[in-house]
Amino acid sequence: PLKEFRRPGPKYTRKNFSPEQIEGLEAAFQEHRFVKKDLRKELAKKLNLSERSISYWFQNKRARSKPPITMSSEAALKAAQQQQDLDKQQQEQKQSQQDSLVAALQQTIQQSCAT
């Protein structure tokens, strides 16, 4: 029989921070976007949290605080121009293929009429 494989120990459960803990973390984040070891230890003791959870909180907070990535208007204009050029090139290739096909058809018709 197959046995279930799992990590030893209790299963991890997510714990929510209390309002006081969040307030303390937010205040520290306003002063320092990156938490150094001494500050992390101080916060851990003061807020009754593990150093690891403080590190993760700061990492997640920095990620949430990033402004969304947007294109500058100059980059957007350049991308639009490149797309227009590509569309124009594809249209010209399509027209050239159609012209070649029409010419070949006309030649075939003329040959069949001549015989």
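I109 is found in helix α4, which covers residues 73-114; helices here are DSSP runs of H or I with at least four residues, strands are E runs of at least two, and both are numbered from the N terminus. At 48% relative accessibility, I109 counts as partly exposed, since buried means under 20% relative accessible area, exposed over 50%, and partly exposed in between, with a 1.4 Å probe and protein chains only.

Before I go on, this is a predicted model, so local features need pLDDT of at least 70 and side-chain atom pairs count only at pLDDT 80 or more, while totals for chains, interfaces and linings use all residues. Residues are numbered from 1 along each chain as its sequence is written, and side-chain values use heavy atoms, leaving out hydrogens and water.

Back to our isoleucine. Together with L101 and L105, I109 forms a nonpolar patch on the surface, with about 300 Å² of accessible area.

Now the whole chain. The secondary structure comes to four helices and zero strands. Of the 115 residues, 16% are buried.

So what is inside? The largest nonpolar core has twelve residues, among them L25, F29, L49, W57 and F58; such a core is a set of buried Ala, Val, Leu, Ile, Met, Phe, Trp, Tyr and Cys residues joined through side-chain atoms within 4.5 Å. Helices α1, α2 and α3 each give two or more residues to this core, and the largest share, four residues, comes from α2.

Let's look at the rings. There are three aromatic pairs, where rings of Phe, Tyr and Trp (its six-membered ring) pair if their centres lie within 6.5 Å; planes under 30 degrees apart count as stacked, over 60 as edge-to-face and the rest as tilted. F29 and W57 form an edge-to-face pair, 6.1 Å centre to centre with 85° between the planes. That pair joins helix α1 to helix α3, across 28 residues. F29 is buried at 7% relative accessible area, and W57 is buried at 8%. F29 also pairs with F58: the centres are 5.8 Å apart and the planes are at 55°, so this pair is tilted. Ring pairs link F29, W57 and F58 into a cluster.

Leaving aside residues up to four places away in sequence, K61 touches E26 and F29, where contact means heavy atoms within 4.5 Å.

Technical notes:
Patch = residues over 30% accessible without salt bridge, like charges linked within 9 Å, V, L, I, M, F, W, Y side chains within 5 Å. Areas by Shrake-Rupley, 256 points an atom, 1.4 Å probe, with all protein chains shown as cover. Salt bridge = Lys/Arg side-chain N within 4 Å of Asp/Glu carboxyl O.
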